[in-house]
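Morning, everyone. I have one structure to walk through. Please have a look at it first.

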Amino acid sequence: MKKKKVLFVATVVKIHIMVFHVPFLQWFKKRGYEVHVAARNDYENKESCNIPFCDKYYDLPFERQPFRKNNIKVSKQLEQIINDNNYDIIHCHTPMGGVLGRWAARNSTSKVVYTAHGFHFYKGAPLRNWLLFYPVERFLANYTDTLITINEEDFYRARDFNVGHLEYVRGVGIDLNKIKINKEKAYKLKHDLEITGKNFVLCSVGELNHNKNHSIVFEALNQIKNKNIKYLIIGSGELEKELMMEVKRLELENQVIFLGFRDDIYELLSLSDVFVFPSFREGLSKSLMEAMAVGKPVIASNIRGNKDLINNDEGGLLFDPKNAIQLSESIMKMLNDQSFRNNASAINMKKIKLFSLDNILERMSEIYQ
């Protein structure tokens with residue numbers, strides 16, 4: 001009897017496959033599938049790339065930017081891989097993984113699934129995004145058996161696509177059993193970061209890029225001028241030096257702490273009073289869900305995805321991501337109203353159960369059939 005095979009396609013391993021999809025690889029492995037992954041090895045030390053539950057890994061030179069020679073090469077390589085393996089299911093992720101994976105599978109007999117982790121065309125998106133990405137997505141819908149959207153705006157946008165099946169799934173899920181805080185580690189971190197009872201601590205998690213919009217928080221802190229507010233930034237990225245220079249220019253060095261890529265996020269979140277998430281664009285953020293699971297009240301940009309998780313004045317506060325005054329007012333409300341923070345915390349811990357990994361895996365098992 002032929003063994004069933006599944007292929008996961010994404011742009012990169014470290015910051016996508018490893019962060020979001022290992023439980024799904026495990027799900028297939030437990031059900032007797034041979035599990036393959038095609039993605040670029042984005043580890044600094046290439047030998048560190050070790051994907052759990054993966055039987056075969058194809059390191060392909062995906063580029064995030066669409067018009068690159070490597071992507072033409074990847075398309076041809078993927079097509080050959082698909083032809084050689086006769087997969088039962090091909091599950092594509094990330095914009096370029098979705099484009100190249102579906103195009104390469106266009107003549108295959110595989111069931112092709114694409115999870116849109118947030119369309120690049122959305123309410124308020126630049127016109128160029130609509131001109132480039134919207135026609136491509138409409139076209140590739142013809143080669144998609146199942147399109148999965150993870151927020152309501154994308155779901156309603158895709159209803160007129162010529163896709164086999166359109167599904168709305170609440171993200172990739174949060175494993176609530178793994179939300180554990182090492183109190184000794186948290187205590188040491190508090191000491192090392194010189195956080196005292198006088199401090200009001202904000203925290204953000206995310207790549208340091210333009211989309212994550214950390215600068216708006218700096219502007220708000222500059223307006224508030226309260227030296228007891230500390231802002232922890234977890235993550236690394238291309239804008240790290242630029243953001244550090246901005247902090248220096250605004251004389252916020254004693255308030256803003258860059259922590260880089262970390263594996264102790266839950267402990268750092270536990271030290272924080274409020275999770276701040278000022279992005280311009282999100283699909284359905286796992287970082288925001290993790291903060292909710294730890295019981296953090298949230299200040300988030302009023303955008304697609306965030307609105308699926310946070311209701312204004314309930315689990316937190318929503319603000320215009322271009323309006324530093326709104327953000328500063330939200331920070332001050334959180335700082336001055338502990339009762340509001342406590343209520344928001346309780347709401348978020350209850351609501352996050354809807355987005356649990358168990359619920360998402362159960363939903364995906366129906367789709368994979």
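Some ground rules. This is a predicted model: local features need pLDDT of at least 70, side-chain atom pairs count only at pLDDT 80 or more, and totals for chains, interfaces and linings use all residues. Numbering runs from 1 along each chain as its sequence is written, and side-chain values use heavy atoms, with hydrogens and water left out.

Six strands form an open sheet, order 10-9-8-11-12-13, with parallel pairing. Strands (E, at least two residues) and helices (H or I, at least four) are DSSP runs, numbered from the N terminus. Pairing takes at least two DSSP bridges. Strand 10 (256-260) and strand 13 (316-319) are the edges, each pairing on one side only. Strand 12 (residues 298-301) runs parallel to strand 13, joined by four bridges. There, S301 stands opposite F319.

Across it, helix 12 (residues 324-336) lies over strands 8, 9, 11, 12 and 13, at about 170° to strand 13. That angle is between N-to-C directions, on a scale from 0 to 180 degrees, with axes fitted to C-alpha atoms, for helices over the stretch in contact. Contact means heavy atoms within 4.5 Å.

Now helix 14. Which of its residues are buried? They are L357, I360, L361, M364, S365, I367 and Y368. Buried is under 20% relative accessible area (1.4 Å probe, protein chains only). Down the axis of helix 14, they fall within an arc of 160°, so they line one face. The arc uses directions from the helix axis to the C-beta atoms.

Key: Buried < 20%, exposed > 50% of the residue type's maximum accessible area, 1.4 Å probe, protein only.
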